[in-house]
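Dear colleague,

Please keep it open while you read.

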Amino acid sequence: MSRKSSGNDDLSLPKATVTKIITEILQPSPGTTFAKDARDLLIDCCVEFITLISSEANEIAEKEAKKTIATEHIEKALRELGFPEYVQEVLAAAGEHKEVLKGVRDKKANKMDLSGLSEAELLQQQEALFKSATEKYNQGPA
């Protein structure tokens, strides 16, 4: 199915990222290249696959009266659509993503703790910076 016929012209994946993935997965052999139209077709197929899985997961979530699609909805969608072989890898990727997010949250919390300033002092600094920026803006070009 073409993206144009589905009305999702704005749905795509970054070409540079897909090209990087292709070159990482496929071992380059001398004289062999991956054609641009083949890359574009691969992108269309990926978008179509993602749309299929997310639509099914959305229906599953709606049947459960949930407003947020959760990992278990994706897992169930994969199984119901005949892709059970992807479940383990998807769950592993979801777990890795959770760990990365946890690290980001911890890093933000540590940054505030390491500043040695209280929340009130940090707020005071922020307000002073906003005031300074507003004054510079109101002065106009130098």
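The protein has six helices and zero strands, where helices (H or I, at least four residues) and strands (E, at least two) are DSSP runs numbered from the N terminus. This is a predicted model, in which local features need pLDDT of at least 70, side-chain atom pairs count only at pLDDT 80 or more, and totals for chains, interfaces and linings use all residues. Residues are numbered from 1 along each chain as its sequence is written, and side-chain values use heavy atoms, with hydrogens and water left out.

Of the 142 residues in the protein, 10% are buried, that is, under 20% relative accessible area, with exposed meaning over 50% and partly exposed in between (1.4 Å probe, protein chains only).

Helix 3 covers residues 36-63, and because its 28 residues at 1.5 Å a residue should span 40 Å, the 41 Å between its end C-alpha atoms agrees; the expected span is 1.5 Å times one less than the number of residues. Among the buried residues of helix 3 are Ile43, Val47 and Ile60, and the helix is followed by Ala65, whose phi is positive, near 60 degrees.

Arg39 also lies in helix 3, and it counts as buried because its relative accessibility is 14%. Its side chain makes a polar contact of 3.2 Å with that of Asp40 (a pair of N or O atoms within 3.5 Å; within protein, one must be able to donate a hydrogen and the other to accept it, and residues adjacent in sequence count only if both atoms are side-chain atoms). Leaving aside neighbours within four places in sequence, Arg39 is in contact (heavy atoms within 4.5 Å) with Lys15, Val18, Thr19, Ile22 and Phe34.

Best wishes
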